Amino acid sequence: MEKGSKEKLKIGIYELTGCAGDALLILDCEQELIDMFKAADIQSFLMAKSDNIDGELDVALVEGSVSTEKEKEELVDIRKRAKTVVAIGTCSCFGGIQAAFLDKKDWEKNFKKVYGDNKMTHNKPLQSKPIDAYIKVDYYLPGCPIGKEQFLSTFNRILRGHPPELYRFPVCVECKWNENDCLLNKGILCLGPITRAGCGSICINHNLPCVGCWGPVEEANLTSEFHLLREKGFDYDFIKKKMADFSGTGMADFLGELKGEKK
Amino acid sequence: MKKISVEHLARVEGNGGISATIDGNVVTDVKFSIYEGPRLVERLTVGKTPEEDVNIVPRICAICSLSHKYAVLRAMENALSVKVSPKVALFRELMHLGEMIESHSLHLYYLALPDYVGFPNAIAMAAKFDLEVKIALEMKEFGNHIMKTASGRYIHGENPVIGGFGKFPSIEELIWIKSRAVHFMPFVLKTVSLFCELDYPDCPEDDTVFACCNPDQNKYGFAGDEIILSTGETINKEDYKSLTNEFVVSHSYAKHSRYKREPYSVGALARVNNLGERLKGEAGKMYKKYFNPRWKRNPLFNNAAQALEILYAFERIPKIIDKMVKFPDPPIVKYTKKEGKGTGIVEAPRGLLIHSYEISGSLVSYTDIVTPTAQNAEDIERYCYIAAQKLLDKGEENKIRDRMDLVVRAYDPCISCSAHMAEVKKAPAEDWKAKLAEIKEKASPMFVGVGNRNRSDDGAGVELALELKKLGVCDVYLESELEKHKILWEYKALRPLILFDAVDFKEAPGKVTLLPLNYVMDKTRLSHKILPFISMQMRHKHLKNAYMLGIQPESIEEGTKISRPVRQAILKVLKEIKN
């Protein structure tokens, strides 16, 4: 990196609607953060610095879901400026908890319940959606929030021009590495089999079931998981709801298919 | 007319900003906005199990995630009649202290301090305060470590659950935390001196009401079952709505709160102001040494209060751990209740946090969450207004932007901003016309003419009202008729109220200014006896829907002649109202 900043990749980190947990996690990388700032040219990172520039980018990391008209415009602009866009965090990848109202009418009804008939002057609200509802996304880095190890390895690979190598298997695999007892066998509803790995099976390590906060694993057989849980005696609505808590639109197709199933 | 705004206050649930609109010599509007999109968390949670809610609601904010977790657990356990063992209560307190240390030290050293020692950011500041910045980072990491130990990971850990914890730390781990806490004490004491001795500017200063949790047994602390106010009143947690009165404002997706129609403040400063006398040990000594009456009037002292609380936390940790190691790890308490109602209140680092739920048929049927930043929003706007107007009076307009930045940051709203994105904009001339149109669009206003017709231009307000009456405009009153019509008694703020008056804003004669009435209240510029009367009548009513349309007089000498520029102004206003 001695050849000067021209060689460095230009990177922007952006926050849409969410809890700011992914940006905070990047900040919590304390020691590595300094190396990150040395290795790349961080053009924009609102949480960490004040001299932010909105110019051409090599890579844009985007956290949060799209929940206002202004965010949508901002996102489209980021896409235009960036060669590569990475969705970071469950909200950005799947819409997160706020995308649980899949039905537009449902969302409108609930919006009214919270804000009444007040007209919002500053920013037109939109039903929360993951960023790929509006732009092409190159890579998805899930997590609620994203994990430090997976983030740093992804960041490194992108810096070197390689695609990230993410776990393509469910939490169960990590859980076995950690030699935990299977909670499903104990009759506890655990979403490990359908949830993306990367967290290190942290909840099960604490004797608690996986809540599915990293979103659905790419090749998960959701229907089979559903039937398995039904066989274990769990309630139809409860399973359905639980599977959708964090996954937003990631579960939309599956939940649509379920409509024909008997209760 | 100018607009001074600090947009993109970074670091909250996304982003927000503050802006002040300046019309000549007068600040006519201050707005604190959260641009963050709506998430409808209070509705998302309905229909889920209590356990699912405990997973979901802390996702409101990563920065205060454990305070949210603590509050939702207390609420759910109240609703479901779950009693946790002493070890669980102690471990939760420890976890919460970890968040306090992490959040306060990040805010003080990385966000607040650079402003006071003249550096643009913490990294630049490190050149002069190398050691402080490094140890402060270690202190923050220590807070993070406690949070990770208690919750399972840095952010959104799921280890704390209804009825207890999934897993407790080993005794070795606890002893290590205790020894680390003791090890930090010299630096913690230095932190208190540093932040209590900073030179806080005396603008803005004004009285407000402070609110915080009232911990049991007359102790200092960050949780309780009652809210205590600086007025001495206490409010049971179930009655929290009598304090918060949340309402929606059109410029923000965060709701605002008012107590008895007045803004109030929450946070470290509220806690130290209300409970400081209860501090013991080194924290008690430091409180006695540094506390002074300015702490009750100046929000910038929130920084000093946070430093005192770091000291409190470091003194408290060894005591908690000494007790914790005596107990075996308790199992998670099971519950059978399927119906219930419960509220949980805790102190997030930035103030009172309230979670309230109703459970029917084992599912959540109602959720209400009131966050500290929502409660502080009104006071943030008010103090920024006071600061802006005072600086403007002193001819220091160039300082307004940075001062507002300082005020907002002192409140450490989840948007304690590291960004300095203030900008100064010239707004169009005669901006009052657009504002008047905006008010009229909402509902047809009532008008009251105020003034003394025997003092030349001072009669402008009455003159204007009389002319309007002649034109047949409805709901126009004179100051002298108020008693008769009792309009202010019946005034319910369903419709806007506009007072006409000659106001000395030190502008060119005839200049018209339209501003919210509460921005006029504490001004001596107004010459009439009517104002204290009006302010008294309206104190507990909806001040935000009342406005003052002021015309700059040329002269208020004895006589009945109205000057030319003021007469022209009256005609202009008549024309606008007629339209």
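Here is a tour of chain B, from the whole chain to a sheet and then to a single residue.

This is a predicted model: local features need pLDDT of at least 70, side-chain atom pairs count only at pLDDT 80 or more, and totals for chains, interfaces and linings use all residues. Residues are numbered from 1 along each chain as its sequence is written, while chains are lettered from A and ligands numbered from 1 in the order in which they are written.

**The whole chain.** Select chain B: its secondary structure comes to 19 helices and 19 strands. These are DSSP runs numbered from the N terminus, helices (H or I) having at least four residues and strands (E) at least two. Of its 579 residues, 55% are buried, meaning that 20 or more other C-beta atoms, placed from the backbone, lie within 10 Å of the residue's own; 12 or fewer makes a residue exposed, and in between it is partly exposed.

**The sheet.** Next, find the four strands of chain B in the order S9-S8-S6-S10, an open sheet with mixed pairing. Two strands pair if DSSP finds at least two bridges between them. At the edges are S9 (234–236) and S10 (264–265) of chain B, each pairing on one side only. Now select 209–213 and 226–229 of chain B: these are S6 and S8, antiparallel and joined by three bridges. Which residue in S8(B) is the bridge partner of Cys212(B)? Look for Ile228(B).

**One residue.** Finally, select His145(B), in helix H6 (residues 130–151) of chain B. His145(B) counts as partly exposed because it has 18 C-beta neighbours inside 10 Å. Its C-alpha atom is 9.6 Å from that of Glu99(B), 46 residues apart along the chain.
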